[in-house]
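Please read it alongside the sequence and the coordinates.

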Amino acid sequence: MMKLKVFVILSLIFGNVFLASSQTSLPEIDIENGPNPVGFKHYATFDSSRTYSKFYDFSTRKTARPIPISIWYPAESIDGSEALDILDYMRILTQEEEWEHLPDDQILNWFYYSNTPENQKHLEEITSAFPNAPFRKGKFPLIIYASSFQASSIENFALFEYLASHGFVVISSPSRGTKTRWFTGNFPMEIETQVRDVEFLMNEANKIANADLDKIALMGFSFGGLANIIVQNRNDRVKAVVSLDGTERYQYQLLEKSPFFNPDKVDVPYIHFAQKDFPDQVLKEDEIDPELNSIFQLYDSLTRSEAYQLKMNNLSHSYFSTLGVLFENRDLRQDKSDLEIMESYQLVSKYVLNFLRSTLEKDTTATEFLSANPVENGILENLISFKTKKAEERAFTFQDFNDLASEQKYDGLFTLYESVVKDHPDFEIPEGSLNQMALQLVFNPETSQKGINLFLFGTKLFPNSANLYDSLGEGYYYMGEKEKAIESFKKSLKLYPENQNAIQRLKELEN
């Protein structure tokens, strides 16, 4: 029987010669879980705004786009419950691959991994997750995960369990093509599809009562890294981004094809874990551009983000996921030993946890760990190549002020202004820009009062501005508030007696 083999995007980047089977077991990965029991839920819902066809139905019938969802979370006590085994997770994989009725004994024959005795034993191993356990009371930061190229929502289940045990909620869905389970060759379109899937998860998280929606981070592996950059660019709710050997490092040109991409909008903390350098043999035999060992155009272009770059010198691409560490055959030309791979996967998990604690929870100990050289954290010098850079100082602009004002619905503007000036002493509001913005608001029936609020703030900031009082009068005139309009136009005339617009408006209003 021919196996269905899904290759990582642009497989020439990652190599595909496998010569030895894996031996690692789940207990040997041995990530140090936190104090919380881990709950797990899986269900399917639909995005009715998009259509989809099941590839293996061989039918033209279309449905609403199905979105399978997996959630890991801190749970209450789980007395008497049985934890999932890896086979339970692999059954979810078969559902997401749209082979729901595939017998268990065919899973390894059918998908991805070798059907070896070692891999068969993995299926029996017990995980840390308990199905449908009750949520622990409280609010927990939310991590939204974008899966790798056409991969399952459960591909990194050990990392998800680890984060949940340390007090995070993780929500994930599979990576699927725009029209069917499989991607087309139109990668910009497929990136946008995954972006919309991630944004769907962000909205779906509103149903999770214990998720702290003010503390949201994105995490993605491989192709999912591309989608997450676009999601962050167009969603201010995202506070941090974790990239597990994200393809944004290797295929920057795909980001540039998105109309939503702007490196200047990457203004949240960002951490990228990269695979080890390709050995010369792999570069030659797989015809890989040697520059892929060194270039990282996105990282180099970041100016507004506190960014971290960690090259994991013992990890090839596949081993940034739990399934890869457990099941993937080893490429003897470049892969390290199982022990070295497991050690590095543990380090990735530890750095992810500290990054999330630092950025979402403002944990000072985590920040110190994250900012230190790995050697200072007791990590052997050759395991990680580490870079970091701070966000460049940038002048605070009126656009920035207006964004903040909009968030608070143009209320309490003078208090906002005072707090901004305290942090940015050189900040000055251009009177003309304020006037234009307030007019835009006031002439929109849905935002007229917000425009008035901005004008009133402006006249307090510029009490001698005849133009602002004149515009305020126009606002009141438009809203039908005759007395307030007359008062404003009179104040404008007092400051500038030659104001012909105010003279004309007063004639109209007072007759």
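The model is predicted.

- Most residues other than glycine have a negative phi.
- Serine 222 has a positive phi, near 55°, and is not a glycine.
- Aspartate 245 is likewise a residue other than glycine with a positive phi, in this case about 45°.

**Location and burial of these residues**

- Serine 222 sits in the loop that links β6 (211-221) to α7 (223-233).
- Its relative accessibility is 1%, so serine 222 counts as buried, the cut-off for buried being under 20%.
- Aspartate 245 lies in the loop between β7 (238-244) and α8 (252-256).
- Aspartate 245 also counts as buried, because its relative accessibility is 0%.

**Packing of α15 and α17**

- Two packed helices are described by the angle between their axes and the distance between the axes.
- For helix α15 (residues 413-423) and helix α17 (residues 448-461), the angle is about 55° and the axes are 9 Å apart.
- On the α15 side, the contact is made by Leu413, Phe414 and Tyr417.
- On the α17 side, Asn453, Leu454, Phe457, Lys460 and Leu461 take part.
- By residue class, the contact of α15 with α17 comprises six nonpolar residues, one polar and one charged.
- Lys counts as charged, and Lys460 of α17 is one of the contact residues.

Key. Residues are numbered from 1 along each chain as its sequence is written. This is a predicted model: local features need pLDDT of at least 70, side-chain atom pairs count only at pLDDT 80 or more; totals for chains, interfaces and linings use all residues. Side-chain values use heavy atoms; hydrogens and water are left out. Helices (H or I, at least four residues) and strands (E, at least two) are DSSP runs, numbered from the N terminus. Buried means under 20% relative accessible area, exposed over 50%, partly exposed in between (1.4 Å probe, protein chains only). Axes are lines fitted to C-alpha atoms, for helices over the stretch in contact, and angles run from 0 to 180 degrees between N-to-C directions. Contact means heavy atoms within 4.5 Å.
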